[in-house]
Amino acid sequence: MTPTKNARRSHHWRHDLIELAALFTAVVVADTIAKTIAKGPDGPYLLVFSAIALLATAAFHTWWARRHSHAPPVDDSGGSGEDPLPPAVPSGTDPVDASAGTVLWRMRTTVRDTPGSLAALCTVLARHGVDILTLQTHPLAEGTVDEFLLRAPAALETGELTRAVAAAGGTDTWTERADAHDLVDTPTRVLGLATRTALDAAELPLALRQLLGRCTIHSVPPVSLSGRPTGEPAPVEGVLDGAVMRLRDPNGGTIVVERPYLPFTPTEFARARALVELDARLGPRIPRSHDVLTLPEGNEITVRRADQRDLAAARAMHDRCSPRTLGLRYHGPVGDADRYLDHLLSPRFGRTLAVQTASGRVVALGHLLWDGDETEVALLVEDDWQRRGIGSELLGRLVALAGEAGCDSVYAVTQSSNTGMVAAMRALNLPLDYQIEEGTLVITARLAGRPAPAPETPTDAPTPWRTRR
């Protein structure tokens, strides 16, 4: 017999003893009262009325106890009557697929800021079999924006869901399909984005895009490449105007974020401004990891990240390049090389890889440039270091960085006579699209959401080098 059964039997024995003692006590008290009352003139009548009152009270107590009992219902089959536990989800099962026939949705709607508004909305969702996984509230001057992550039946159409929400008082309702990445709660996601931004200044535009969803981000420098002012910079506290927010760039200029399909809330604006402030406090920074490569002739070169602190070395390489090499790279003369290179090396506009020799001389630059929703790759290799596979190595690394950043494609703008760039793009083994625009060749490589494979060596390049980290 288990200890639990022993405890229950001991508990029942004590309970019966107490009831027996109470019964004897009640009998003695009743006998005493009866003898006292019976000596009076109306004693028999009082006894009859007392008995009737006791019977009525007992009957009422029995009816009340059965109607309001909190005990579990008795199972006729002999069970305990308790609800069984829900079946466990097998280990390793995707939480999205654990419930067959359901899909994940992100929904945002505006409700009145009154008690019961959110409860009415949740009640309507429950009636349609919709499970609320997460909820965020964005207070407004009038009303509140509620953002949900929902698991809904696959048969439930978005139109029906929107109409149900509108009937419950929701307005300006927006829905979008979600995936397993949205199951991460907002504080965890924001902390992860802050960590990435703290480690690499080039992560700020990407972090803002992941924080705010599908949006377009432009970094507008204070002065254009031609030297003309681009307009008034945003104030320190930033500007929120519906579907557009303007933030003061710590490196000068303005960061413009646009999301036409869904206005920003003050809560989202505060989060974005906090990320920008973190970037400003940490100052210039890039990961200092580098790879040392050995060329076939035995020379060692280093591939590393570069930023605006490498401006002098990049300008010196510019001065050593021939006009033809610079023309293939920039498609024309460069009026102010210092300003142009400063723009390219800024982590706010993308990522730059530099190749330097053992003596520290920079001999090649590769740029991955954020261009709104698109991403551009560009290469410049010094004349004496061309035809050694350096361009292919840089391009492969840049495409891998684009894949890690979640880019769907990258494009290169060049000329059909630049056979080295064309061969390097073909060696990526990715689907390519070619487009001619006013004599300029635009080659787009579709990444299809996967990292690019190691690039093959062009037919006119030497044997690949060895790598050590």
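A salt bridge is a side-chain nitrogen of Lys or Arg within 4 Å of a carboxyl oxygen of Asp or Glu. Side chains of opposite charge can pair when their charged atoms come close. In this predicted model, arginine 348 and aspartate 279 form such a pair, with N and O 2.7 Å apart.

The structure contains 20 salt bridges. Another of them joins glutamate 176 to arginine 214, whose closest N and O atoms are 2.7 Å apart. Glutamate 176 is part of strand S4 (171-177), while arginine 214 is found in the loop between helix H6 (204-212) and strand S5 (216-220); the pair therefore links parts separated by 38 residues in sequence. Glutamate 176 has a relative accessible area of 17%. Buried means under 20%, so glutamate 176 counts as buried. Glu176 and Arg214 also belong to a network of salt bridges.

Glutamate 393 pairs with arginine 397, and their closest N and O atoms are 2.5 Å apart. Both residues are in helix H11 (residues 390-404). Glutamate 393 and arginine 397 are 4 residues apart, so about one helical turn separates them. Glutamate 393 is buried, at 19% relative accessibility.

Notes
Residues are numbered from 1 along each chain as its sequence is written. This is a predicted model: local features need pLDDT of at least 70, side-chain atom pairs count only at pLDDT 80 or more; totals for chains, interfaces and linings use all residues. Side-chain values use heavy atoms; hydrogens and water are left out. Helices (H or I, at least four residues) and strands (E, at least two) are DSSP runs, numbered from the N terminus. Buried means under 20% relative accessible area, exposed over 50%, partly exposed in between (1.4 Å probe, protein chains only).
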